[in-house]
Amino acid sequence: MLRIPRKAFWSFEAKHPVIALNIINLVTEGLDIEYNRIVDIIGEEVELRVVHSLFMLANKFGPNLRLKREELANYAGTTTETTIRILSKLRKKGIVSSSAGRGAIVISDLSKLQNYRR
């Protein structure tokens, strides 16, 4: 993390407009990703939100997620109890499993998770 005084940054931007445009593009890409995530959360059924959240997290952090059920519920915008029921359903289908340690979810079949339909 770097803190640059506002006036110094504006002066830099004025001298290097291409870099300023690249910074704007990076910020807008991040906002676009978060906007789409919020739209997905609002528009999807609860089960699909949890599945979608698991898929996104597995793509970003790998199939062994050090994640509590409550954290997953918060990320998917649902309750812990609902998340537990959905994880149980996914476990029965062989899509996820729990690791030996508490607070971990293992994605057993990323392909099935990606193509999941109720």
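**Exercise 1. Which residues make a nonpolar surface patch of about 420 Å²?**

Before we start: this is a predicted model, in which local features need pLDDT of at least 70 and side-chain atom pairs count only at pLDDT 80 or more, while totals for chains, interfaces and linings use all residues. Residues are numbered from 1 along each chain as its sequence is written, and side-chain values use heavy atoms, with hydrogens and water left out.

*Solution.*
- Step 1: Find Phe12, Ile19, Ile23, Val27 and Leu31, which make the patch. Patch residues have over 30% relative accessible area and no salt bridge, and nonpolar side chains (Val, Leu, Ile, Met, Phe, Trp, Tyr) are joined within 5 Å. Accessible areas come from the Shrake-Rupley method with a 1.4 Å probe, and for residues only the protein chains shown count as cover.
- Step 2: Look for the main contributor. Helix 2 (residues 17-43) gives the most, with four residues; Val27 is in helix 2. Helices here are DSSP runs (H or I, at least four residues), numbered from the N terminus.

**Exercise 2. Find the salt bridge and say which helices it links.**

*Solution.*
- Step 1: The structure holds one salt bridge, meaning a side-chain nitrogen of Lys or Arg within 4 Å of a carboxyl oxygen of Asp or Glu.
- Step 2: The partners are Glu47 and Lys89, at 3.2 Å from N to O.
- Step 3: Glu47 lies in helix 3 and Lys89 in helix 5, 42 residues apart, so the pair links distant parts of the chain.

**Exercise 3. Describe how helix 3 sits against helix 5.**

*Solution.*
- Step 1: Their axes (lines fitted to C-alpha atoms over the stretch in contact, with angles from 0 to 180 degrees between N-to-C directions) come within 10 Å and cross at roughly 70°.
- Step 2: The two helices are therefore roughly perpendicular, a label for angles of 65 to 115 degrees.
- Step 3: Val46, Glu47, Val50, Val51 and Leu54 in helix 3 meet Thr82, Thr83, Ile86, Leu87, Lys89 and Leu90 in helix 5. Contact means heavy atoms within 4.5 Å.

**Exercise 4. Now place helix 4 against helix 3.**

*Solution.*
- Step 1: The axes of helix 3 (residues 46-61) and helix 4 (residues 69-76) come within 9 Å and cross at roughly 105°.
- Step 2: That makes helix 3 roughly perpendicular to helix 4.
- Step 3: On the helix 3 side, look for Arg49, Val50, Ser53, Leu54, Met56 and Leu57; they meet Leu72, Tyr75 and Ala76 in helix 4.

Key
Angles under 35 degrees count as roughly parallel, over 145 as roughly antiparallel, 65 to 115 as roughly perpendicular and the rest as oblique. Patches are made of residues with over 30% relative accessible area and no salt bridge: like charges are joined within 9 Å, nonpolar side chains (Val, Leu, Ile, Met, Phe, Trp, Tyr) within 5 Å.
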